[in-house]
Amino acid sequence: MRVLGIETSCDETAASVMDDGHVLSDVVASQIDEHRPFGGVVPEIASRAHMARIAQVIRRSVEQAGLTLRDLHGVGVTQGPGLVGALLVGLECAKALATSLGVPFVGVNHLKGHLLAARIPDGATPLPEMPYMALLASGGHTGVYLVEDWDRISCLGQTRDDAAGEAYDKVAKLLGLGYPGGPLIDRLAQTPGEEITFPQALRQRDSYEFSFSGLKTAVAQHVASLGRAPTQAEIEIVARSFQRAVVEILVRKAVRAARDKAVSRLVLAGGVAANQGLREHAARECKAYDLELFAPPIHRCTDNGAMIAHIGWLALRNGERSELAIGPKSSWPLSV
Ligand code: KG4
Ligand code: ZN
């Protein structure tokens, strides 16, 4: 079954074609350059950029798969959560395409896409069997999820305030580093050196909840206490210390959840899972606690069309269909 996946929930316009769960093409057009002057994603700019690119991105994904639109058997599209105007572009496009081709379409939960992305075959990375514990850390979401099957997922805890990626982006802005902040801070944090201690909220709690707003404030206060713009060396100290605080708490809670639920596999998901420090720390902790770690390739951690085509295929194969009347969902919790 050949399924087209369309993703437009935030600042990447993406489309992918899969054949029975195998990736034939995966096209991502980033909008980073449009949003950079504003230091973050501007929803109106995102919607317009999706409109300008969606047709070409879909055309390229079908061509790269060596197919024509007529060869498709169904369409999966991100219905939420995300920016409503941005989601609307992909959703209406999917409806129009499915209707004109006479094939079914299905609305896909973006979080589910991230949580199952590690199971997409790429010919190199080992794929996790289910059940597994997943740490999902992205620009909009951060939580720990028990994945028992593709449609049996429970959220054990999530952030009470900022998502981890959002904290990265805000701290990078505060340090004058630019956007998006995650990869920039990650790079600076790679060089070993002096560190300071930033708080790790809810560290001792039994819950699997996170909170990153206090950490962000602690960084802001530290930078303000300098009384001048930080030097390069000071920026590196903050980057290292901030990254340690984020990465340690994320891994601590995810590993604890896996052990508490007697699950032997931990999967990393979402844009922050691209973080080198997170991947290294998770590898160390998983080894210490005898857990098997699965970290998908970087391009499957950040937003992509394949993760949506993948869920679209699973849902359509399962007989699921969406009505043409469905609309975008800004929030769509998987379960609590
Ligand atoms: O999953 P994603 O592409 O989009 C959302 O669904 O939000 O995640 C984007 C987030 C951004 O906040 C970005 O700064 C962060 O992921 N990110 C990283 C890294 N690469 C991307 N954060 C930390 N380290 C990275 N290497
Ligand atoms: Zn995402």
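1. The second largest cavity holds about 30 Å³ of space. Its lining is made up of P199, Q200, A201, S211, F212, L215, A245 and I249. By class, this lining comprises 6 nonpolar and 2 polar residues, with no charged residue. Please bear in mind throughout that the model is a predicted one.

2. How many cavities of 30 Å³ or more does the structure hold? There are 2 of them. The largest cavity has a volume of about 60 Å³. Residues A117, A118, I120, D122, T125, P126 and L127 belong to its lining, as do F294, A295, P296, P297 and R300. In the lining of the largest cavity, 9 residues are nonpolar, 1 is polar and 2 are charged.

3. The next point concerns ligand 1. The shell around ligand 1 contains 20 residues, of which G139, D169, G271, N275 and D303 come nearest. Divided by class, this shell has 6 nonpolar, 11 polar and 3 charged residues.

4. For D169, a polar side-chain atom is placed 2.7 Å from an oxygen atom of ligand 1. For H114, the corresponding distance from a polar side-chain atom to an oxygen atom of ligand 1 is 3.2 Å. For G271, the contact involves a backbone N or O atom, which lies 3.0 Å from an oxygen atom of ligand 1. On its own, ligand 1 has 550 Å² of accessible area, and the protein covers 89% of that area. Helix 4 (110–116), helix 5 (164–174) and helix 6 (181–189) are the elements that give two or more residues to the shell.

5. The lining consists of 15 residues, and A189, E195, R244, G277 and R284 are the closest to the pocket centre. Which helix supplies the largest share of this lining? Helix 8 does so, with 5 residues. Helix 8 (232–260) and helix 9 (276–288) each provide at least two residues of the lining. The lining of the second largest pocket contains 6 charged, 6 polar and 3 nonpolar residues.

6. Two cis peptide bonds deserve mention. One of them joins M130 to P131, with omega near 5 degrees. P131 is located in the loop between helix 4 and strand 6 (132–137). Another runs from Y179 to P180, and here omega is near -10 degrees. P180 belongs to the loop that connects helix 5 and helix 6.

7. Is phi at D20 positive or negative? Phi is positive, at about 45 degrees, although D20 is not a glycine. The residue sits in the loop between strand 2 (12–19) and strand 3 (22–30).

Methods
Residues numbered from 1 in each chain as written. Chains lettered and ligands numbered in written order. Predicted model: local features only at pLDDT ≥ 70, side-chain atom pairs only at ≥ 80, totals over all residues. Heavy atoms only, no water. 1 Å grid on protein atoms, 1.4 Å probe; cavity = no way out; pocket = protein on both sides within 12 Å on 5 of 7 lines; lining within 4 Å. Helix = DSSP H or I, 4+ residues; strand = E, 2+ residues; numbered from the N terminus. Nonpolar A, V, L, I, M, F, W, Y, C, P; charged D, E, K, R; others polar. Near = heavy atom within 4 Å. Polar contact = N/O pair within 3.5 Å; in protein donor to acceptor, adjacent residues only side chain to side chain. Areas by Shrake-Rupley, 256 points an atom, 1.4 Å probe, with all protein chains shown as cover. Points joined across faces, edges and corners; volume = space filled by probe spheres on them.
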